[in-house]
Amino acid sequence: MFKGFEVSSNEQAFTLETLKSGIRFDGRKLEEMRDIDIRLGDEYGYVEVRLGNTKAIVRISAQLAVPFEDRPYEGIFQISTEISPMAGPMFEAGRQSIDEVLISRLVEKAVRRSGALDLESLCIIAGSRCWAVRADVHFLDYDGNFIDATCLAVMVGLSHFKKPDIAINGEEIVLFSTDQRDPVPLSVLHIPLCVTFAFYNPNDVEENIKGSSSGELILVDPTMKEEAQSLGSMTLTLNKNREICQISKAGGLPIDAPVIMDCCSIAYSIVERLTEKIKQLLKDDEAKRIDINVQRALSAANDR
Amino acid sequence: MTSETATAANSLKLMPDVLARVAPDVSLQKHLHLGLRPCLRKFEEFRHVTVDKTGLGKYETEDKNGNILGSSVVKSGDTIVLCGITGGIVEDEQEAIDDYRLKLEDGIISNEETASSSRKNATVYPVVQIESGRTGPPSEEEMILSQRLHDTLLSSGILNTEDLKISLSLKSRDENGEVSIIGPDQFEAKKSYSFVLYASIQVFSRSGPMFDLCWGSLVAALRNTFLPQVYVDEDQLDIRMPVRSKGGEKATISEEYKLVCDNAKATKLVIDESMISWSSTFGVVTVHSKDGDIDMDSGDVANEDVLLADLEGEVEDTTVDRRIHVVTNGQTLTSVTITGGSEGVPIPRDMIRKAIEQAKRRSNDLVQKL
Amino acid sequence: MTTSFNAELGILDRVDGSASYKFGATSLICSVSGPIEAKARQELPTSAALEVTIRPDVGVSSTREKLTEDKLKSVLGSVISTFLYPRQLIQVVVQILDAGEAPCYVVRELVGCINACYLALIDAKVGISESFYAKCVAIEQNTGKLILDPTDRDLTSSKSHHAVCFSLGNGKSKSLLYSESFGQFTEEELLKVLDFAAEAIEQENIGVRKVISEAVSNDYVWMS
């Protein structure tokens, strides 16, 4: 997929053979996602995500700003996804590769355009003050499937983040620090998550287009090596309400429509499981914080 | 002497300027052995600097046109640095005015911090342009220079945020069209505004490191910068529109004040005169024992470090890595940066002392000129 | 003595060397790839080219990062044995995860960058001519007391702040590689800061060496 990374034809043939017999290099099944490790920081909105060897960190931040003139009732939400050579020397510093544009477009569509974050709730005074929320995605290590990892990290970040509480006093805005009033979470309407599929063709081209059997191989969550050899990919974005937010299949191997329906149901079961995991994680984190706060309050009482 | 010419006859003969280009380090050493630098100055000799007004500023001339609030021109050698200060007005950040500490919920947090944080060092936003016959995005050197000027000014304490605050007056018109002005002591504005200053610095005929001259021109320009008196035009004061937002909470759209700058009335920008400083860049070079070839007779000639003041020209610019850079007002130091030293070629302590001393003397000479 | 920093080497797979470094509220990750093929415009005939990128924790990089990159480059340029890799490239990326100071300061960030680079260079096995380490110091406004590793709060109430980097040999601070100071201070104070930092660097070096030797013994675990 990325320039500067090539796989020998021997290895390609070998990969295809193993895939045909339903085995992947890392021992996964074809329709299995890699283990996801999500770590929340001490600070609100700091999330580290590991998808196998793919690593990304997301930082959510918010500040007061003036809303866009044509959208006076909405806050501002920006996602910045820039890949530095830290993720791998094949990425160039300061220049966006085509793949990078693709990743940022997909994440943008999956999170922003699906209305995951309620922008109207970010409005403070219509036309003059609103919150500007930023998600900065830092890619640390690349082993395929940045899209799923990024989307997940951004969504966890948004659900975890809390902005300082404010009070409106006529035209004045009073900001409260975290030790004075508890910060308030963002209003996240739903959690769209991406699942990326990679396609392989074990037969020849003719069979793929004319033949009636849909023998194409479909993988979930390809690694970098698998990505490099795939003949096409598709990213589905769903939420746990069984809604599809976005489908993106840009060219590549032609796939039968019913197969895509199958992909949807595979993706749904993955998304359902992930959403559960995220909810549990956030709940645990919240409990931990309350615990700490209670302890602090107790120790403060002791001081007196 | 004779043996030298003999070996030179066998080897390649190069004109001085060609040697400077192909082997700048050799050229530098040859010059230093003569007790001179490639620019023919002595080791610790500075260049002469002249600082002038340009007469371009809006409030310096009779016709009050243009938007330059202050300016300066600094010349040294062939190099000319032009600096123009322009300004803008921004509404103070909401966080700043409505800081929770000011709106204490009955003294939960003590007030001590507020007092100290209200007076902060301010800075300007400089853009340096080095004329090189090239167009396009700013070069790395230009970006670095701009940022360094910004950082140095911020920590120098020359400018203060309080002094950039605008005290608004109200310009009101009665039915006869008579204009009356209500001063800031009677008129209390709902919002507060500050000036933001931008500096556009242009360098012509760059020779060597440019920070010193850019800094000089920036400080000189700030010294004769005038800030206009700002009025609120009554005609557009405080328009409110009630708006129902979706959440049911009542919010208002409030119109910005219309601010008018006076073309004639302006006050001089307040700067801390005692903090006005000059910047000096020094290079540290090791003079190798003669020519570096095996000379049995003078084998004990030790390598000696020398301090070169005010680096100039391509040879010094490319070969002198060890630099000491001092910004001082003559007494206290504002910024000292020491770079390029390493295990093999360290920067000795006495060089640092010497550089600081020279910089102070230089600063005392030049600060009056600014 | 409790260690004032946390560091880990070799945390990334796709690059030649990497390290995370955290001290106080400041935390960052540095990666080093090299020697790798240089682009035509970067290539130097006799030595390795150095590409330094610093990425801020929040927002896009600006001239502020450019200046820090330049400072970092001047430190790395004098310690990396660039002559070993003619016509090659050494690519350094620092990702700030938490600056730990207000945006008008860059001391903590710079010190973190230098130290993270040192560890990442070792992890990448890029030839360096000497060990180096950096520390930041602030001088308190009223008392003139020197504060090691000032916090954001200390910085705002200080009259000057300094970032100092020394080379190390046999556990001793040797020569000054880089130093920058901003604020109001005297010559005596500056020299005091340099000595103070040199001593602090020597002390912390004990902990740093432990981290490095652990990482190296992990790397060579196959030999035993």
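In chain B, 71% of the contacts with a separation of 6 or more are between residues 24 or more positions apart. The structure shown is a predicted model. Chain B contains 10 helices and 15 strands, and 34% of its 370 residues count as buried.

**Figure 1. The contact between chain C and chain B.** Here 27 residues of chain C touch 26 residues of chain B. On the chain C side, the elements giving two or more residues are α1 (63–79), β9 (172–185) and α4 (187–219) of chain C. Strand β9(C) gives the largest share of that side, 12 residues. The side of chain C that touches chain B is made up of 9 nonpolar, 11 polar and 7 charged residues.

Figure 2. Strands of a sheet pair through backbone hydrogen bonds, in either the parallel or the antiparallel sense.

**Figure 3. An open sheet of 4 strands in chain A, with a helix packed on it.** The strand order is β12-β11-β13-β14 (chain A), and the pairing is antiparallel. The edge positions belong to β12 (217–220) and β14 (244–248) of chain A; each has a single partner strand, so one side of each has no neighbour in the sheet. On average, neighbouring strands of this sheet are turned by 20° against each other, direction ignored. Strands β11 (residues 193–200) and β13 (residues 232–238) of chain A run antiparallel and are joined by 7 bridges. In this pair, A198(A) faces S233(A) of β13(A). Helix α2 (residues 98–112) of chain A packs on the sheet and touches β11, β13 and β14 of chain A. The direction of α2(A) makes about 165° with that of β14(A).

**Figure 4. Strand β6 of chain A and its partner strands.** In β6 (residues 129–141) of chain A, 11 of the 13 residues are buried, so this strand is largely enclosed by the rest of the structure. Strand β3 (residues 54–65) of chain A runs antiparallel to β6(A), with 11 bridges between them. Strand β4 (residues 76–82) of chain A pairs with β6(A) in the parallel sense, over 7 bridges. A132(A) in β6(A) is the bridge partner of Q63(A) and also of I76(A).

**Figure 5. The hairpin of β5 and β6 in chain A.** Strand β5 (residues 123–125) of chain A pairs with β6(A) in the antiparallel sense over 2 bridges. C123(A) is placed opposite C130(A) of β6(A). The hairpin has 3 residues between its strands, and G127(A) in the turn has a positive phi of about 80°.

**Figure 6. Helix α1 of chain A.** This helix (residues 9–20) has 12 residues and reaches 16 Å from its first C-alpha to its last, close to the 16 Å expected at 1.5 Å a residue. Of the 12 residues of α1(A), the number buried is 1, so the helix lies largely in the open. G22(A) follows α1(A) and has a positive phi, near 75°.

**Figure 7. The surroundings of T53 in chain C.** T53(C) lies in strand β4 (residues 49–55) of chain C. With 19 other C-beta atoms within 10 Å, T53(C) is partly exposed, because a residue counts as buried at 20 or more and as exposed at 12 or fewer. Leaving aside neighbours within four places in sequence, T53(C) is in contact with S84(A), P85(A) and A93(A) of chain A and with E69(C) and V93(C) of chain C. I90(C) is 37 residues from T53(C) in sequence and 11 Å from T53(C) in space, C-alpha to C-alpha.

Note on methods
Residues numbered from 1 in each chain as written. Chains lettered and ligands numbered in written order. Predicted model: local features only at pLDDT ≥ 70, side-chain atom pairs only at ≥ 80, totals over all residues. Pairing = 2+ DSSP bridges. Axes fitted to C-alpha atoms, helices over the stretch in contact; angles between N-to-C directions. Contact = placed C-beta atoms within 7 Å. Nonpolar A, V, L, I, M, F, W, Y, C, P; charged D, E, K, R; others polar. Expected span 1.5 Å × (residues − 1).
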